[in-house]
Amino acid sequence: MSILRILAWLYGHVTLIVKGRTLERFINMATSRGISFWDIRRLDEERIMIRTRIGGVCPLRHIARRTGSRFEISERVGFPFVLARLWRRKTLAMGLALFLVGLYTMASFVWFIDVKGNRTVSEAQIIRAARQAGLHPGVPKWGVEASRVEARIREQLPALAWVGVRLRGTQAVIEVAEKKLPSPDPAGIHSNIVAAKAGLVKEVLVLSGEAVVKEGETVVPGQLLISGEIWPPEGISAEGEILPGEPRRVRARGIVRARVWYEEYGEAPLVDEGTSLTGRQARAWEVKVGGRVMHISGPGRAPYKDYEQTVAAYRAPSWRSFSLPVELYSRTYREIKPYRRTRPYTEALRLARREARETLDAALAGTEVKVLDRRMEIINPGKQESLVRVRLTMEVLEDIGRERLVEP
């Protein structure tokens, strides 16, 4: 529908008020000659309002004479009429055209530069680097190659890890992300990286120091992995003797990932024994004045054979260092009863597995590991017993290196 309206506006259409006594004959004759109408509305007995395209107006004059009708144009809509009005007002049309051309021309240049994301690198440094790459106010947008500007800014400012340039209207937006450099180590610190646990070395990444182990080696807790002593290459004197060198001591840094195996044990009894509340309870109130306790209300002792007891104490409000030597006690007795039931084997097995899994998860809490394998096996002691036992074995990949300072 919207497309038809757009086409009607482009071709132009008019609204006609047709007067006559044979309006139906007027419509029928026009329709038979291929003239289309829409939005037909009767105004009164002798008048109707119709809309039609421009091309149908001239044939309608002949039809109006044949049917004794008359019509007048009440509205002209569409691009041809707009063009005709502009043609009659040439000066205005020319001014509007020049304004549009000027606006388009001005919008084809970069007039503003905005910098985002910088924290330590100043905006002036970034704009200066962009200018050297050809991006500055007044440059045509078609002459700006974003990738070249980004590369040039990164080259000029090594502190930037990422640079993005995009053009938005007459504005160029330069977004940057600065590098996060590690804080410098305090002078004089000498340390090594040692193994915190046993494992099979899978990867060694040295950031500072010298690697002592390599991939495939088995290490034990406390074993040196990365040394903080860097020895220079051996020199040879003119006489052919090996010249000793002095090691350079640094703070060792690096990552040593190793395959580590963990094992945990879980069990659950096949007979579940315990106590449960029956819902019956009684409460007694007592007051303590000085060192003497007086019973106020409720049972003087526990009214049940099996019970659990809770006591709550309430003290009188104090003012500064003064407090009343009075305390109120609430003693609640809740009846319990023992129970004993046989637990299904599947339920006991599920509980034993959960215990082993939760124990192992608690041991690895806060440690970044990648689980490589997980095996759960049921322990068979070789004799009948009222327990279900399981063993959980997990193989993970984790960083086992820990820094150990070396005393000077």
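**Salt bridges and helix packing**

Visitor: Is Glu 398 buried, partly exposed or exposed, and what is the relative accessible area of Glu 398?

Guide: In this predicted model, the residue is assigned by its relative accessible area, and a value under 20% counts as buried. Glu 398 falls under that cut-off and is therefore buried, with a relative accessible area of 1%.

Visitor: Which strands hold Glu 286 and Arg 331?

Guide: The side chains of Glu 286 and Arg 331 meet in a salt bridge, at 3.0 Å from N to O. The pair links distant parts of the chain, 45 residues apart, and both residues are buried. Glu 286 belongs to residues 271-289 and Arg 331 to residues 326-342, which are, respectively, strands E18 and E21.

Visitor: What is the N to O distance in the salt bridge between Arg 389 and Glu 385?

Guide: Arg 389 counts as partly exposed at 22% relative accessibility, and Glu 385 is likewise partly exposed, with a relative accessible area of 23%. The side chains of Arg 389 and Glu 385 meet at an N to O distance of 2.7 Å.

Visitor: Against which elements do the buried residues of H2 pack?

Guide: Helix H2 spans residues 23-32, and its buried residues are Leu 23, Phe 26, Ile 27, Met 29 and Ala 30. Just after this helix, Gly 34 takes a positive phi of about 85°. The elements against which the buried residues of H2 pack are strand E1 (13-19), strand E2 (38-44), strand E3 (47-53) and helix H3 (57-67).

Visitor: How far apart in space are Ile 6 and Gly 78, C-alpha to C-alpha?

Guide: Ile 6 has its place in helix H1 (residues 2-11), and at 52% relative accessibility this residue counts as exposed. Ile 6 and Gly 78 are 72 residues apart in sequence, whereas their C-alpha to C-alpha distance in space is 9.1 Å.

How values were computed
Residues numbered from 1 in each chain as written. Predicted model: local features only at pLDDT ≥ 70, side-chain atom pairs only at ≥ 80, totals over all residues. Heavy atoms only, no water. Helix = DSSP H or I, 4+ residues; strand = E, 2+ residues; numbered from the N terminus. Buried < 20%, exposed > 50% of the residue type's maximum accessible area, 1.4 Å probe, protein only. Contact = heavy atoms within 4.5 Å. Salt bridge = Lys/Arg side-chain N within 4 Å of Asp/Glu carboxyl O.
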